[in-house]
Structure formats: C-alpha cells, structure tokens
Amino acid sequence: MTNEEIIAKALDLLISNTEWNARYARYAEKVKKNLDDYEITRNKFRAIKPFSAYTSISKAMNGFEYDIRFKGQSLGCVRVKENNVLFYPSEKYDWFENQGLSFPKIEKGADWNSKEVSEYRSILKNNDSTLKPKSPEHEVENKLLYEFHKQSGENKSLTGIQPVILAGNFFQMPTPFKASSHDPEYSGSGGGGIDILARIKHSKHDCRLCIMEVKDETNTSEPQSVVIQQALTYATFIANLLRSESKEIWWSLFGFKSNLPEHLHIDVVSLMPEKQVADGHVDSEYVLEGLDCTLHTYSLYFDENKLKNREMFEFTGTLPKQIENA
C-alpha cells in the first residue's frame, strides 16, 4: 500500500467506527480531573535511572499506580495509598534472575524503600551493563525517551525535542488501531500505542506534535518506507483526535500552552539504527482534507555502535536538518 492509501484507509476506519470519539472524550475528562492529585502522589517516591516510572491513560484515569521499568521491561508496579508507597513485583520478573542473579524474596505490597526492595534495585543497577534486555526495542525506546527528555544544557544530542510525559511519567499514547501489520485495522480499545509522542520545535513560532515509530534494527522486511506507514496510521488518528470534541483537553495534556492552531502540522518520524544505504525520498507532506492538518514525514537514525559502546546517541536523517537551527 502507498502512504496515501494507508492514510485513506485509516480515515475511513475512523469514520466507520465512531465509538472512539466519545471514549477518548471520557479518557480526557477523567485524566484531567485526576491529573493534579496523580502528579502529587508521583512525587512521593523516586525512580532514578536506570529505573523509570511509566504510566498509561487507564492508570492516570483511575488511581495512583505506576509501572516501574528497567531496560524498558516492567518489573512490577508501585501503588501509593495515602503515605504508603508499595511495590508489587511482576509474576514474570525472573527474566534477569535467569541470567545468573540472585534476588531477595519480595512480597506483594512490600514497602518501596524496604531493605528487600532496595537490595533488589541495587543488584539490578550494579549489573546494568551486563544484563540483556528482554526486548531490545523497548530498551532502545527507553534510552531515547531519556535522551529526548534532557534539557538543552545536559549534553543533549538533538535539541528542540521533548517527549510528551504524563504527570512526570513516560507513557505510550493509545490508539484504536492495530497497525503492526502496516495495513490499518480498527481494534477499538485494544489498539496499539504510539512508541514516542513528542513536541518538536522547528522555529520560534512552530512547535509541532510528533509521532515516532521506533525500531531497534534495520532489516529488509521493515525498511524505513514501511516503518513510516505505521507512524502515519497513528498520526492520522491523532489528527482526528485533535479535531474531536475533546480536542482542547488533549492539546493541553500533550503539553502545549498555546491555543490549538487552526491548521495543524504533525511530524511523522521513523526512528531506527543508521542504514548503510541512503533513503529514497522520505520528506513528504500529506494534507488531510476536512481536518485542516498536514502530516510531514521524516527519517531519524541513530548510530547503533556508539549507543552500545557508550550509551550515547548520534543522530542522522532528515529530521535533524529541520530542527538544528530552531
């Protein structure tokens, strides 16, 4: 399918399945109502690198629970009840134990700062450089989020970009699409999440929302031209969301202080290891008729060897050229 066909199919599916509009409006209202208390509660515990606190729309709507991850993999969740910070380890948290480590026994609901949980975190931290991730793609995604979340003065590899966070947590914005097959399918509440949702500054007066699809490797089955189509599917949904009844709330939740613009410009980016073969024409524009929105596609590559050896990012591709002077 061509990019134009991908976008057209996604638009048709959203028109044919209107339930998403009211559902995402409910999401927005509940998150907005709970957000201040949720952020205050988040400040009652610390998840310091190499650990990360993630959330989701459902967690932000319904309670005070946070997903704790290491190398992009969930270790379990923290639940805050009044002044008690409790850790509930995942029943599948033996992935790292199977690599030769021995951990203390942790009961469900153990205090986050207890001797057992602190020792568990310390063991993982001390073996960070040698442990293998369960999902290399999730680890790369986590490292990218940390890199993008740096401030400009923190030896940042690519300035002008910040990930969208929710109450101080990383999160994946859900969509109603199953797009991993690169042929959009409507999945309702079981749809896939956007790998990285970010804000990108192109100039003083041009800050755009950006949808990024992340891959940890470059191969012939998923070249840049195919990866970008999954991002285009998700971007088509976000464009519709920002023209829906809950558009103003979502615009604010995405971190924008300005008014929602009359004409939207959304960046759509494939993010993967650097290729040896140059891309074809990847900078394209797609106008979504009736939505006052233009999707702009770009490539972004990182040096895989530098990341593995020094955990640093060096970016190439067409996106850096657009924002390097912002």
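Tutor: Let us begin with strand pairing: two strands count as paired if DSSP finds at least two bridges between them. The model before us is predicted. In it, strand 1 and strand 7 are paired in the parallel sense, over 2 bridges. Within this pair, Thr55 stands opposite Phe171 of strand 7.

Student: To what sheet do these strands belong, and in what order do its strands lie?

Tutor: The sheet is open and has 6 strands in the order 5-4-3-2-1-7, with mixed pairing. Strand 5 (110-111) and strand 7 (170-171) stand at its edges with a single partner strand each, so one side of each has no neighbour in the sheet.

Student: Which strand is joined to strand 10 by 3 bridges?

Tutor: That is strand 6 (residues 161-163), which runs antiparallel to strand 10. Gln162 has Arg199 of strand 10 as its bridge partner.

Student: How should I approach the nonpolar core?

Tutor: In soluble globular proteins, nonpolar side chains tend to be buried together. In this model the largest nonpolar core has 75 residues, and those with the most contacts inside it are Phe45, Met173, Ile238, Trp250, Phe254 and Leu295. Helix 6 (residues 224-241) gives the largest share of this core, 9 residues. A second, separate core has 25 residues, among them Val140, Phe148, Ile200 and Val214.

Student: Which residues does Leu295 touch, apart from those up to four places away in sequence?

Tutor: With that exclusion, the residues touched by Leu295 include Ile7, Leu232, Ala235, Thr236, Ile266 and Val268.

Student: Is Thr233 buried or exposed?

Tutor: Thr233 has 1% relative accessibility and therefore counts as buried. This residue lies in helix 6.

Student: Where does Ser244 lie, and what does Ser244 touch?

Tutor: Ser244 is in the loop between helix 6 and helix 7 (247-253). With a relative accessible area of 6%, Ser244 is buried. Leaving aside residues up to four places away in sequence, Ser244 touches Trp20 and Asn21.

Student: How is a pocket to be read?

Tutor: Rolling a probe the size of a water molecule over the atoms shows where empty space is left. Here the largest pocket holds about 510 Å³ of space. Its lining comprises 26 residues, of which Lys49, Asn142, Lys143, Tyr146 and Glu147 are the closest to the centre.

Student: Which element gives the largest share of that lining, and how is the lining divided by class?

Tutor: Helix 5 gives the largest share, 6 residues. Strand 1 (51-55) and helix 5 (136-149) each supply at least two residues of the lining. By class, the lining has 10 nonpolar, 6 polar and 10 charged residues.

Methods:
Residues numbered from 1 in each chain as written. Predicted model: local features only at pLDDT ≥ 70, side-chain atom pairs only at ≥ 80, totals over all residues. Heavy atoms only, no water. Core = buried A, V, L, I, M, F, W, Y, C linked by side-chain atoms within 4.5 Å. Buried < 20%, exposed > 50% of the residue type's maximum accessible area, 1.4 Å probe, protein only. Helix = DSSP H or I, 4+ residues; strand = E, 2+ residues; numbered from the N terminus. Contact = heavy atoms within 4.5 Å. 1 Å grid on protein atoms, 1.4 Å probe; cavity = no way out; pocket = protein on both sides within 12 Å on 5 of 7 lines; lining within 4 Å. Points joined across faces, edges and corners; volume = space filled by probe spheres on them. Nonpolar A, V, L, I, M, F, W, Y, C, P; charged D, E, K, R; others polar.
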